[in-house]
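Subject: The structure for you to look at

Hello,

Here is the structure I promised to pass on. Please open it beside this message, and then read on for what turned up in it.

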Amino acid sequence: MIKFYFKTIFFVTVFIVFYLAVVPNDSVLFDFGLGDKFNHFLAFFTLSLLLNRSSSSYEKRLRNVIVLTLFGAFIEMIQLFIQYRSASFYDLLADIFGILVFQAFYSLYRLIRYRR
C-alpha cells in the first residue's frame, strides 16, 4: 500500500516539475536562489527517490534511470519550442547527475544495511 502513495506523490511531482519547466521563469512562485542547475539536480534527485520507493528491484532501478533521463530530455525538447524558455544540454546533465547521485546514495545505503 505504501508503494501506491509513493507512486501518487511521484506523478504529482512529475506534473509540478513539468509545469515549472514550461511556465515563464518570472512566473515561478518560488526560486531558491541556488541556481538553475541546482534546481534541476534537486528535482530529478527527488523524482528518482520517489520512483525508487515505489519500485525496489535492480531491474526497475535501471528502468527508472532510463525513464527519468528520457523525461529530462523530453522537457528540454519541449523548451526548444517555447519562446520564453530555452533548452540546455547542461540542464539535462544536471538532471542526469541528480538521478545518478541518488542511485549512488541508495546503493551505498543498501550496501551498509546489507553488511549489518
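Please keep in mind that the model is a predicted one. Phe38, by contrast, has a relative accessibility of 35%, so it is classed as partly exposed. Both phenylalanines belong to helix H2, which covers residues 36-53, and they sit three residues apart, or about one turn of the helix.

How are the rings of Phe38 and Phe41 arranged towards each other? Their centres are 6.2 Å apart and the planes meet at 25°; since planes under 30 degrees apart count as stacked, this pair is stacked. Across the whole structure, the search turned up twelve aromatic pairs. Ring pairs also join Phe38 and Phe41 with Phe45, Phe97, Phe102, Phe105, Tyr106 and Tyr109 in a cluster. If you colour those residues, you can follow the cluster by eye.

Now for the overall picture. The protein has four helices and zero strands, which gives the pattern α-α-α-α when you read along the sequence. Its C-alpha atoms fill a box of roughly 50 × 30 × 25 Å along the principal axes. There are 116 residues, and 36% of them are buried. The accessible surface amounts to about 8100 Å², with 71% of that area belonging to carbon and sulfur atoms. Looking at contacts between residues at least 6 apart in sequence, 76% of them join residues at least 24 apart.

Setting aside neighbours within four places in sequence, His40 is in contact with Glu76, Asp91, Ala94 and Asp95. For a sense of scale, His40 and Leu50 are ten residues apart in sequence, and their C-alpha atoms are 15 Å apart in space.

Gln103 is part of helix H4, residues 89-115. This glutamine has a relative accessible area of 8%, which means that it is buried. What does Gln103 touch, not counting residues up to four places away in sequence? The partners are Ser48, Asn52, Arg61 and Val65.

Ser54 lies in the loop between H2 and H3. Is this serine buried or exposed? At a relative accessible area of 6%, Ser54 is buried. With residues up to four places away in sequence left out, Ser54 touches Lys3, Phe6 and Lys7. Met77 is 23 residues from Ser54 in sequence, and the two are 27 Å apart in space, C-alpha to C-alpha.

Rolling a probe the size of a water molecule over the atoms shows where empty space is left. The second largest pocket has a volume of about 170 Å³. Twelve residues line this pocket, and Ser54 is among the closest to its centre, together with Lys7, Leu51, Ser55 and Arg63. Which helices each supply at least two residues of the lining? Helix H1 (2-22) and helix H3 (58-80) both do. By class, the lining of this pocket is made up of four nonpolar, four polar and four charged residues.

Happy viewing, and do write back with any questions.

Best wishes

Notes. Residues numbered from 1 in each chain as written. Predicted model: local features only at pLDDT ≥ 70, side-chain atom pairs only at ≥ 80, totals over all residues. Heavy atoms only, no water. 1 Å grid on protein atoms, 1.4 Å probe; cavity = no way out; pocket = protein on both sides within 12 Å on 5 of 7 lines; lining within 4 Å. Points joined across faces, edges and corners; volume = space filled by probe spheres on them. Nonpolar A, V, L, I, M, F, W, Y, C, P; charged D, E, K, R; others polar. Buried < 20%, exposed > 50% of the residue type's maximum accessible area, 1.4 Å probe, protein only. Contact = heavy atoms within 4.5 Å. Areas by Shrake-Rupley, 256 points an atom, 1.4 Å probe, with all protein chains shown as cover. Phe/Tyr/Trp six-rings, centres within 6.5 Å; stacked < 30°, edge-to-face > 60°.
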